[in-house]
Amino acid sequence: MNVCVVGTGYVGLVSGVCFSDIGNKVTCIDLDHNKIDKLKQGIIPIYEPGLSDLVLKNINENRLFFSTDLAEGLKDADVVFIAVGTPPKENGEADLQYVEAVAKSIGEHLDSYKVIVTKSTVPVGTGKRVKEIIASVSGHTNFDIASNPEFLREGSAIYDTMNMERAVIGIESDKASEVLTELHKPFNTNIVLTDVETAEMIKYASNAFLATKISFINEVANVCELVGADVTKVAEGMGFDNRIGKAFLQAGIGYGGSCFPKDTSALVQIAGKAGYDFKIVRNVEEVNQNQRFKIIDKLEAVFNNDLSGRKIAVLGLAFKPNTDDMRDAPSIDLIPLLQEKGADVFAFDPVATENAQKVIPGLNAVESLQKAVDNADAVVILTDWPEFKEMDLVQLKETINQPIIIDGRNMFEPETMKELGYYYSSIGRPLVDGRE
């Protein structure tokens, strides 16, 4: 098929590249000339393992093209994906200005039948709005609209696309169903066919449920600390129950990123507009926001509420490993607060430093793990990068001033840390102090 993807952000770029890799001719459109010029050379604006190689492969095999000209992309397209951003407004509602602008542009150039698919995460009813705009501008209805939400995890987005668990396809006609089912056949996935509004809701419901699991296990972790239980064993015992499952039961300092914070807020707004108070999701958001500050509490506990002049090594800036995404990362809240309390913060992240410097004022980011931990009074782990898991803990102890680790991602076993002589405070597990 000929596929046009409008928007080369995370969702649009990964989707477009993967569609090309299974044999389609894909043209990715973006208004940013500089970005398009770089993409034509295989220079990727985001960090996603394997994406650059896949872009170059499909460019060289004449299946993947980049352009700023929407008319060029639409010309021979069978399917057009709208994959532009829907950032949150101040009230948490999704901002649809970019989706609506693309719909208007499509209407201006639409001269033959196409399936217009919203891949951006959008509130229920957006498909109808897109249809109204395109029909109004184009003056005809020789097109179908559809919804095909994405379920990618940053850091493993290519794998998730090529091995997708399900393709949710919301359609309004048999013709659109045939086109989109055929497009997804090579992925050998479970295809969920439904109406457009239900597909739009599935995306929000899925992310809100996963966010709920995370906040739930973090609440359990907080209770575990008070009663002397181990949340990792609690989660293990829960996870063997098929009705619960083990995924998203890893206690820590909460979720961040581009999806969960934005989508939970948007779902609360969607429900509110429909006249329903979505209490669970509102509380999930509150728990998540509060959870990240457990790190500060744990630091202050070991330093008698005085962080002034303490050198704190912060390991990890991105909201999760294998990405440079800083959206709603705990480090954005925690580092300025540490600085406000007088701490001397030295931060290190393998890939996210450049993006972090844009959103954390006064960030002191160093270029190596070693520079971050040298003579540190405490090490704080915010992101579970493999590099941190593989640290030589014996050598680390010789490098830092005090053998204190506050672990927001439960990367190490408490008893091992005690044997090595560390003061080790993690999330939902007993505090251990192996210092002499």
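**Strand pairing, crossover and cysteines**

Me: What makes E12 and strand E13 (residues 423-425) a pair?

Reply: They are joined by 3 bridges and run parallel. Two strands pair if DSSP finds at least two bridges between them, so 3 bridges meet the rule.

Me: Why is the crossover from E12 to E13 called right-handed?

Reply: The chain goes from E12 through helix H19 (residues 414-419) to E13, a right-handed β-α-β crossover. That word applies because, with the strands pointing away from the viewer, the path from the first strand over the helix to the second runs clockwise. Helices (H or I, at least four residues) and strands (E, at least two) are DSSP runs, numbered from the N terminus.

Me: How far can these assignments be trusted to follow one rule?

Reply: The model is predicted, with local features needing pLDDT of at least 70 and side-chain atom pairs counting only at pLDDT 80 or more, while totals for chains, interfaces and linings use all residues. Residues are numbered from 1 along each chain as its sequence is written, and side-chain values use heavy atoms, with hydrogens and water left out.

Me: Why are E10 and E14 called edge strands?

Reply: The open sheet has 6 strands in the order E10-E9-E11-E12-E13-E14, with mixed pairing. Strand E10 (344-348) and strand E14 (432-433) each have a single partner strand, so one side of each lacks a neighbour in the sheet.

Me: What makes E9 and E10 partners, and what packs on E9?

Reply: Strand E9 (residues 311-315) and E10 pair in the parallel sense over 5 bridges, and Val314 stands opposite Ala347 in E10. Helix H13 (residues 294-302) packs on the sheet, touching E9, E11, E12 and E13, where contact means heavy atoms within 4.5 Å.

Me: How do you know that Cys18 is in no disulfide?

Reply: A search of the whole structure finds 0 disulfides. For Cys18, the nearest cysteine sulfur, that of Cys28, is 11 Å away.

Me: Why are Cys18 and Cys224 called buried?

Reply: Buried means under 20% relative accessible area, exposed over 50%, and partly exposed in between (1.4 Å probe, protein chains only). Cys18 has 1% and Cys224 has 4%, so both count as buried.

Note on methods
Disulfide = S-S within 2.5 Å. Axes fitted to C-alpha atoms, helices over the stretch in contact; angles between N-to-C directions.
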